[in-house]
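Open the model in your viewer and follow the selections below in order.

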Amino acid sequence: WSSKWMAMKGAEVVAFDAMEHPTIGLGAGAVFLKNHDIYFDRVCGDFNKLPFQDGTFDIVVSTGSMHHSNNLSETISESVRVLKAGGCLAIMNEPVGRFRAKDETVKLKGDQEGINEHEYRMTRYLSLFRCHKLRIGEIRESPLVYERGSAYYRGVLASLINRTLWGRLLSLVMWGGVMNILVYKSGPKT
């Protein structure tokens, strides 16, 4: 669905997913291509071994998918590898665990058992961003901001603090939430 919206805005898009299921993953792309006046390539594979050359893309967008990785370091490394110098990695709708979380692995039962599900700590993301020389450009507030217990719900001071980039970072580190972040690969844009 995110590929559809980017293609509708005129972007040249390559959709990548681990699944080709007819209603989710890449399979849903066939419906979008049929019902909209758009086109985008669709590629299936492992996001820890992306089948693209180094420096291929200006932007890599991950929408609610990095938490499915069993090796976040490898996933981010591959995302950075396929980015051009000065390119942007957009990580959206990504659940992050709080600082004091004991375990980053989420145990699923029933029909979802066996699906890789994690709530990686924000500190892990920040460490990997630093390791790959990624510069933070922007962070958007969590859609959960008005839930009881969120920093916004705690009062006016917390709300003011969270209006700054560093305040939003601190909030995600301490309490977790949903991360929406733009980070940039070092080097001049090409």
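The model is predicted, and local features need pLDDT of at least 70, side-chain atom pairs count only at pLDDT 80 or more, and totals for chains, interfaces and linings use all residues. Residues are numbered from 1 along each chain as its sequence is written, and side-chain values use heavy atoms, with hydrogens and water left out.

Next, colour by burial. Of 190 residues, 39% are buried (under 20% relative accessible area, 1.4 Å probe, protein chains only).

Switch to cartoon. There are 6 helices and 6 strands, in the order α-β-α-β-β-α-β-α-β-α-α-β from the N terminus. Helices (H or I, at least four residues) and strands (E, at least two) are DSSP runs, numbered from the N terminus.

Now select residues 72-81, helix 3, and residues 122-131, helix 4: their axes come within 10 Å and cross at roughly 40 degrees. Axes are lines fitted to C-alpha atoms over the stretch in contact, and angles run from 0 to 180 degrees between N-to-C directions.

Show side chains here. From helix 3, Leu72, Ser73 and Ile76 meet Arg124, Tyr125, Leu128 and Phe129 of helix 4 (heavy atoms within 4.5 Å). The residues of this contact comprise 5 nonpolar, 1 polar and 1 charged.

Key
Ala, Val, Leu, Ile, Met, Phe, Trp, Tyr, Cys and Pro count as nonpolar, Asp, Glu, Lys and Arg as charged, and the others, Gly among them, as polar. Buried means under 20% relative accessible area, exposed over 50%, partly exposed in between (1.4 Å probe, protein chains only).
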